[in-house]
Amino acid sequence: MFGELVEVICNYVEVEPEAVKPESRFMEDLGFTSFDFMSMLGELEDRFDVEVEEQEAAQIRTVGEAVEYLEKLSAQ
């Protein structure tokens, strides 16, 4: 799941895939805007066939947290 998320991240911001780490923060390290982040969440919902709760998504700061959240949703 991490690899797929990195692929999606690279579609939204100009960053090399190898620069994306689990501890990378979306806004501070990867340069996401709020709009980029929400757009990416929509794509992730489609790709993984999950429904992201906005309030929970607002708590996600790092790539690792996003992977954990998506894995939890996928397991339901």
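**Exercise 1.** Find the helix that holds leucine 70, then work out whether leucine 70 is buried or exposed.

*Solution.* Start with the element: leucine 70 sits in helix H4. Keep in mind that we're working with a predicted model. Next, check the accessibility: leucine 70 has 2% relative accessibility, so it counts as buried, the cut-off being under 20%.

**Exercise 2.** Work out which residues leucine 70 touches, skipping those up to four places away in sequence.

*Solution.* The list is Met1, Leu5, Leu44, Phe48 and Val50. Now pick one of them, valine 50: its C-alpha atom is 7.8 Å from that of leucine 70, and the two are 20 residues apart along the chain.

**Exercise 3.** Describe how helices H1 and H2 pack.

*Solution.* First, locate them: H1 covers residues 2-12 and H2 covers residues 34-48. Their axes are 10 Å apart, at an angle of about 140°. That angle makes H1 oblique to H2, since only angles over 145 count as roughly antiparallel. The crossing is right-handed. On the H1 side, the contact residues include Leu5 and Ile9; on the H2 side, they include Met40 and Leu44. Sorted by type, the contact has 7 nonpolar, 2 polar and 5 charged residues.

Note on methods: Residues are numbered from 1 along each chain as its sequence is written. This is a predicted model: local features need pLDDT of at least 70, side-chain atom pairs count only at pLDDT 80 or more; totals for chains, interfaces and linings use all residues. Side-chain values use heavy atoms; hydrogens and water are left out. Axes are lines fitted to C-alpha atoms, for helices over the stretch in contact, and angles run from 0 to 180 degrees between N-to-C directions. Helices (H or I, at least four residues) and strands (E, at least two) are DSSP runs, numbered from the N terminus. Angles under 35 degrees count as roughly parallel, over 145 as roughly antiparallel, 65 to 115 as roughly perpendicular and the rest as oblique. A crossing is left-handed if the near helix is turned anticlockwise from the far one by less than a right angle, and right-handed if clockwise. Contact means heavy atoms within 4.5 Å. Ala, Val, Leu, Ile, Met, Phe, Trp, Tyr, Cys and Pro count as nonpolar, Asp, Glu, Lys and Arg as charged, and the others, Gly among them, as polar. Buried means under 20% relative accessible area, exposed over 50%, partly exposed in between (1.4 Å probe, protein chains only).
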